[in-house]
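Hi,

Here is the structure I promised to pass on to you. Have a look at it first, and then read my notes below.

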Amino acid sequence: MEQRISLITLGVEDLTRARAFYEALGWAGARQPDDEVCFFQAGGMVFGLWTALGGHGAPGIELAYNVRSPEEVDAVLAEAQRAGGTIKRPAARADWGGITGAFADPDGYVWEVAHNPSWTVHENGDVTI
């Protein structure tokens with residue numbers, strides 16, 4: 001696992017309100033694939049707002065590590081388990097077309113590991129939506 005974070009997602013109660021807040025602060029270019037989540041490009045990483053986050057991580061936050069191929073999802077989950085992490089969701093096909101799984105670190109913070117075929121993970125680890 002490379003030393004990087006691809007995506008930070010905040011759990012929100014009202015996506016429309018949350019998106020409007022960040023846009024009022026000057027954030028632009030949000031991509032909203034459905035009524036539950038939207039993503040903003042934030043330099044070389046992605047910032048997300050998601051209404052369905054509850055129960056997936058520490059209260060209101062989930063970190064993500066995007067990989068370059070579907071096979072890497074299993075590999076990173078196995079690496080996390082060997083290091084002492086707990087698998088929270090084994091790798092599986094997601095409704096949005098990618099492969100995703102998750103592990104928790106020893107303190108319970110959840111990391112999603114995902115391959116999103118619509119996003120590019122560059123050689124240096126930067127992610128572009």
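This is a predicted model: local features need pLDDT of at least 70, side-chain atom pairs count only at pLDDT 80 or more; totals for chains, interfaces and linings use all residues.

Residues are numbered from 1 along each chain as its sequence is written, and side-chain values use heavy atoms, with hydrogens and water left out.

First, the overall picture. The protein chain has two helices and nine strands, in the order β-α-β-β-β-α-β-β-β-β-β from the N terminus. Its radius of gyration (over C-alpha atoms) is 14 Å, close to the 14 Å from the globule rule (2.2 Å times the number of residues to the power 0.38) for 129 residues, so the chain is as compact as a globular protein of that length. The C-alpha trace spans about 45 × 30 × 25 Å along its principal axes. Buried residues make up 40% of the 129 residues; here buried means under 20% relative accessible area, exposed over 50% and partly exposed in between, with a 1.4 Å probe and protein chains only.

Now to helix H1, residues 15-24. A side-chain oxygen of Asp14 comes to within 3.1 Å of the backbone nitrogen of Thr16 at the start of H1. The buried residues of the helix are Leu15, Ala18 and Tyr22. Seen down the axis, they fall within an arc of 70° (taken from the directions from the helix axis to the C-beta atoms), so they line one face of H1. Thr16, Arg17 and Ala24 are exposed on the other side. The buried residues of H1 pack against strands S1 (7-11), S2 (37-42) and S3 (45-50), where contact means heavy atoms within 4.5 Å. After H1 comes Gly26, with a positive phi near 105°.

Helix H2, residues 70-82, has Val73, Val76, Leu77 and Ala80 as its buried residues. These cover an arc of only 100° around the axis, which puts them on the same side of H2. Glu71 and Arg82 are exposed on the other side. The cover over the buried residues of H2 includes strands S4 (61-66), S5 (86-93), S6 (99-104) and S7 (110-115). Gly84 follows H2, and its phi is positive, near 110°.

Rings of Phe, Tyr and Trp (its six-membered ring) pair if their centres lie within 6.5 Å; planes under 30 degrees apart count as stacked, over 60 as edge-to-face and the rest as tilted. By this rule there are seven aromatic pairs. Tyr22 counts as buried because its relative accessibility is 17%, whereas Trp27, at 30%, counts as partly exposed. Ring pairs join Phe21, Tyr22, Trp27, Phe40 and Phe47 into a cluster.

Lastly, what does Met45 touch, leaving aside its neighbours within four places in sequence? Met45 lies in strand S3 and is in contact with Ile5, Ser6, Leu7, Ile8, Phe40 and Val127. Met45 is partly exposed, with a relative accessible area of 24%.

Enjoy exploring it!

Best wishes

Methods
Helices (H or I, at least four residues) and strands (E, at least two) are DSSP runs, numbered from the N terminus. A polar contact is a pair of N or O atoms within 3.5 Å; within protein, one must be able to donate a hydrogen and the other to accept it, and residues adjacent in sequence count only if both atoms are side-chain atoms.
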